[in-house]
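Subject: Handover of a structure

Dear colleague,

Please find below the structure that I am passing on to you.

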Amino acid sequence: KTITERIVAAEVIGKDPSAWFKTVIIDKGKTDLLTKGLPVVMPQGIAGQVIEVSKHYSKVMLIIDRNSAVDALVQRSRARGIIKGESADLSRFEFVLRKHDVQIGDTVIASGLDGVYPKGLRIGRVSDINQRNSDIFYEITVAPFVDYEKLEEVLVILPPQSQDLAN
């Protein structure tokens with residue numbers, strides 16, 4: 001199977017304007033084999049995941065949504081943590097142990113361990129590390145590679161297995 005068979009291109013046709021929830025509506029749904037939980041990406045990196053599916057449309061929760069969590073790694077040092085949504089241009093990289101090597105400018109990628117996002121997909125770049133507190137974890141800010149304000153077209157990654165078993 002080639003990778004192109006497993007990707008559905010979709011257009012963003014609506015956005016949730018609320019401050020707390022960062023979701024978009026795309027013009028693909030059940031008829032295009034979309035199901036809840038599928039990862040949504042762009043060439044620059046992860047956009048979010050499908051959270052609701054109707055016949056011809058789907059709702060996507062962006063990774064900048066407060067409810068989003070992505071299991072992630074620092075590409076260079078393999079330090080692991082969770083990317084949590086914060087705002088349109090920033091995410092928090094939580095639960096990264098201080099004993100690990102993390103530097104400003106490091107690229108953060110999906111670990112693949114959350115079962116949603118394939119390992120190695122790019123998320124963003126470490127933009128700030130706060131070491132003032134005495135916690136065992138760093139306080140890290142990550143600037144996403146995707147510009148969520150200008151989201152127009154996205155790619156939905158379908159599961160690799162046969163679609164015959166899909167409900």
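This is a predicted model, and its protein chain has an average pLDDT of 90, with 92% of the residues scoring at least 70. Within the protein chain, the mean confidence is lowest in E7, at 92, and highest in E9, at 98.

The barrel

Six strands close into a barrel, and their order is E6-E7-E8-E11-E10-E9, with antiparallel pairing. On average, neighbouring strands of this sheet are turned by 45 degrees against each other, direction ignored. One of the pairings joins strand E8, residues 90-94, to strand E11, residues 139-144; this pairing is antiparallel and runs over three bridges. Ser91 stands opposite Val142 in E11.

The aromatic pair

The structure holds one aromatic pair. Phe95 and Phe137 form this pair in an edge-to-face arrangement, with 5.5 Å from centre to centre and 85 degrees between the planes. Phe95 lies in the loop between E8 and E9, and Phe137 lies in the loop between E10 and E11, so the pair ties together parts that are 42 residues apart in sequence. Phe95 is partly exposed, its relative accessible area being 48%. Phe137 is also partly exposed, with a relative accessible area of 23%.

Two serines

Ser111 is found in the loop between strand E9 (107-110) and strand E10 (122-130). Is Ser111 buried or exposed? Its relative accessibility is 6%, and because the limit for a buried residue is under 20%, Ser111 counts as buried. The side chain of Ser111 makes a polar contact with the side chain of Asp71 at 2.6 Å, and the side chain of Ser111 also reaches the backbone nitrogen of Leu113 at 3.1 Å. When neighbours within four places in sequence are left aside, Ser111 is in contact with Asp71, Ala72, Leu73 and Lys119.

Ser87, by comparison, belongs to strand E7, which covers residues 80-87. Ser87 counts as partly exposed, at 23% relative accessibility. Between Ser87 and Ser58 there are 29 residues in sequence and 22 Å in space, taken from C-alpha to C-alpha.

With kind regards

Conventions
Residues numbered from 1 in each chain as written. Predicted model: local features only at pLDDT ≥ 70, side-chain atom pairs only at ≥ 80, totals over all residues. Heavy atoms only, no water. Pairing = 2+ DSSP bridges. Helix = DSSP H or I, 4+ residues; strand = E, 2+ residues; numbered from the N terminus. Axes fitted to C-alpha atoms, helices over the stretch in contact; angles between N-to-C directions. Buried < 20%, exposed > 50% of the residue type's maximum accessible area, 1.4 Å probe, protein only. Polar contact = N/O pair within 3.5 Å; in protein donor to acceptor, adjacent residues only side chain to side chain. Contact = heavy atoms within 4.5 Å. pLDDT = per-residue confidence, 0-100. Phe/Tyr/Trp six-rings, centres within 6.5 Å; stacked < 30°, edge-to-face > 60°.
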